[in-house]
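The following paragraphs lead the reader through a structure, moving from its sheets to its helices and then to its ligands. The sequence and the structure are shown first.

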Amino acid sequence: MLMRLARQTYVRQYDEFTYLFGKVTAFDQVFRSAGPFFAHITRQPKERDAIIDEIVHDYADAPRETVARDFDEFFAPLIAQQVILSGNSAEELDAQEPFFTYDCDDPKTKKDERILTPDEAAALPAALLEKYFAEHPTLFEIQLDITQACTERCRHCYVPEYNPIFLPYDKICEVLDEFRVMGGIHVSLSGGECMMHKDIIKIIKAIRARDCTVACLSNLTVCTDEIINALVEADGTVQVSLYSMSPAIHDEVTRRKGSWLETMNAILRLRAAQIPVRISCPCLRINYKGYPDVMKFADSLKMDAQTDFIIMGKQDCDTSNLCNRLNLDETRTLLQDVILKAVPMNSEYFSPGKKEQMLSAGEWKKRKVCGACVNSMCLNATGEYYPCPGFAGVPLGNCYNDSLRHVWLESEATKRIRAVTGASFGKCAECKDRDYCSVCMCRNFNETGDMFTPAEHFCKVAAINHEVVDEKQRQMIEAAKEE
Ligand SMILES: C[S@@+](CC[C@H](N)C(=O)[O-])C[C@H]1O[C@@H](n2cnc3c(N)ncnc32)[C@H](O)[C@@H]1O
Ligand code: SF4
Ligand code: SF4
């Protein structure tokens, strides 16, 4: 019997924890003390008996039959989930290989919106990892902004300048090598417009060659068939911004004539190539009324879609782009629409227990607010590392002067961001709207110049969000009484 990892299964070992990620179905799991089992399962098919021999060799004292029984019991559910493949020949394994396709009822990765008990939530792989990373900061994901250049000039864009600066391919490979050795798994390419990089195809391949996942955040205006082929070969995914189903409104956001047609055309070509695409529709004053049409379009293609009304200032604290974001009345209208229509009734969002579960100010102050410098970091085209997408105003180190390992482990700036907890946000700790808000250093910094001082706009939006959810809960209680 032969066994191997499925093509889109990624394994990482973090001390005693093994993290397993199956990309096709977004399957993930964290195992404790299973490292020796996984250490011998590779991408190349290997005989089950040979794998067991190797494990027995590691466990000098354990009888072979016991190891073999535990091995079979352990891997049976993973084989059933097709994250590990097992069969009599290499061809049999290949035939079982799961792959992403739009040619099925629902290829979208469904988010589980059920209300979980606190114990269920704490047992989720994401929660286990979060706890581990909080204690052992690990660079799990990285975003590489490989150029500042862009084909568009979006009204709301946080990028201050679109200089034709490109991160060189060799430097990217150096960073990727270190990233992989440090336990990294997810790589996103962004910018600017990443597909303008002359080596984009080589970069996509280089990421996959290091056994990492690759995602492109792109406007797709210069997406060629060659790039699409590279994404197919690398099992890559794409996130694209589509602002409207009206070409004129989309082009009005991007300030590039014809951009809607280019983007739309590429979305359809990516779909034909069976590449998972997520459509993002940030809402601005000029496009927000049309966002449901973008969502419907995405649905008709069986693509994931998201909208967002949180627009932040530019990375250099210039706030001139914010005249494009929704005012408070428009935000309320949008929130009512999104929350009442799109959030499922059984969502944790409407849980009657939500208020009682809110952390006390004291507990919240001890918690980390996000994963910046805890499990993630970014690198921009000038070679500067920074904490998270959009937060380039706080540099952590430079890849031309320092190794990634040094910036991650030794940089004082990295350590400062990593040490941030709720306690640094005095006003937020005591705030009644905290659970209806995304407390965020980057948004604060870009708008107020201080990462711990929230912009008034975000506080007002959180209060509106709180009111809309409360209103929804009242409606649900009334409806339940009438039944
Ligand atoms: C900076 S772009 C880079 C990738 C690519 N050029 C694109 O537009 O998709 C990444 C995402 O950030 C969003 N974005 C840009 N400026 C923003 C801002 N000020 N606030 C929130 N999101 C923003 C874009 O709409 C896009 O969805
Ligand atoms: S949002 Fe993306 S496409 Fe638009 S200008 Fe900024 S980087 Fe370019
Ligand atoms: S509403 Fe304002 S004060 Fe309250 S948590 Fe959000 S940012 Fe902090």
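Two strands are said to pair if DSSP finds at least two bridges between them. The model described here is a predicted one. In it, strand β10 (residues 237–241) and β11 pair in the parallel sense, over four bridges. Within this pairing, Val240 stands opposite Ile279 in β11.

Both strands belong to an open sheet of nine strands, whose order is β12-β11-β10-β9-β8-β7-β13-β14-β15 and whose pairing is mixed. Because β12 (304–308) and β15 (397–398) each have a single partner strand, they stand at the edges, and one side of each is left without a neighbour in the sheet. Further along the order is strand β7 (residues 141–145), which is joined to strand β8 (residues 186–190) by five bridges, the two running parallel. In this pair, Glu141 stands opposite His186 in β8. Strand β7 is mostly covered, since four of its five residues are buried; a residue counts as buried if 20 or more other C-beta atoms lie within 10 Å of its own.

A second open sheet consists of three strands in the order β2-β3-β4, and here the pairing is antiparallel. Its edge strands, β2 (9–14) and β4 (27–32), each pair on one side only. From one strand to the next, the twist averages 15°. Strand β2 and strand β3 (residues 17–22) run antiparallel and are joined by six bridges. Thr9 has Gly22 in β3 as its bridge partner. Helix α6 (residues 125–135) lies across β2, β3 and β4, and runs at about 50° to β4.

On the side of α8, the contact is made by Ile200, Ile201, Ile204 and Lys205, and on the side of α9 by Glu226, Ile227, Ala230 and Leu231. By class, the residues of this contact of α8 with α9 divide into six nonpolar, no polar and two charged.

The second pair is formed by helix α10 (residues 247–254) and helix α11 (residues 259–272), whose axes come within 8 Å and cross at roughly 105°. The two helices, α10 and α11, are therefore roughly perpendicular to each other. Pro247, His250, Asp251 and Thr254 of α10 make this contact with Ser259, Trp260 and Leu261 of α11. The contact of α10 with α11 has three nonpolar, three polar and one charged residues.

The ligands come next. Ligand 1 is surrounded by 17 residues, of which the closest are Cys157, Tyr158, Leu217, Ser241 and Ile311. Strands β9 (213–218) and β11 (277–282) each supply at least two residues of this shell around ligand 1. The shell around ligand 1 divides into eight nonpolar, eight polar and one charged residues.

The surroundings of ligand 2 are made up of Cys150, Glu152, Arg153, Cys154, Cys157, Val159, Gly191, Gly192, Glu193, Asn219 and Thr254. By class, the shell around ligand 2 has four nonpolar, four polar and three charged residues.

Around ligand 3 are Lys427, Cys428, Cys431, Asp433, Arg434, Cys437, Val439, Pro454, Phe458, Cys459 and Ala462. Helices α18 (426–429) and α20 (456–482) each supply at least two residues of the shell around ligand 3. Helix α20 gives the most to this shell around ligand 3, with three residues. The residues of the shell around ligand 3 divide into eight nonpolar, no polar and three charged.

Cys370 lies in the loop between α15 (361–366) and β13 (376–379). This residue, Cys370, is partly exposed, with 17 other C-beta atoms within 10 Å. The C-alpha atoms of Cys370 and Phe445 are separated by 15 Å, while the two residues are 75 residues apart along the chain.

How values were computed. Residues are numbered from 1 along each chain as its sequence is written. Chains are lettered from A and ligands numbered from 1 in the order in which they are written. This is a predicted model: local features need pLDDT of at least 70, side-chain atom pairs count only at pLDDT 80 or more; totals for chains, interfaces and linings use all residues. A residue is near a molecule or strand if its C-beta atom, placed from the backbone, lies within 6 Å of it. Ala, Val, Leu, Ile, Met, Phe, Trp, Tyr, Cys and Pro count as nonpolar, Asp, Glu, Lys and Arg as charged, and the others, Gly among them, as polar. Two residues are in contact if their C-beta atoms, placed from the backbone, lie within 7 Å. Axes are lines fitted to C-alpha atoms, for helices over the stretch in contact, and angles run from 0 to 180 degrees between N-to-C directions. Angles under 35 degrees count as roughly parallel, over 145 as roughly antiparallel, 65 to 115 as roughly perpendicular and the rest as oblique. A residue is buried if 20 or more other C-beta atoms lie within 10 Å of its own, exposed if 12 or fewer, and partly exposed in between; C-beta atoms are placed from the backbone.
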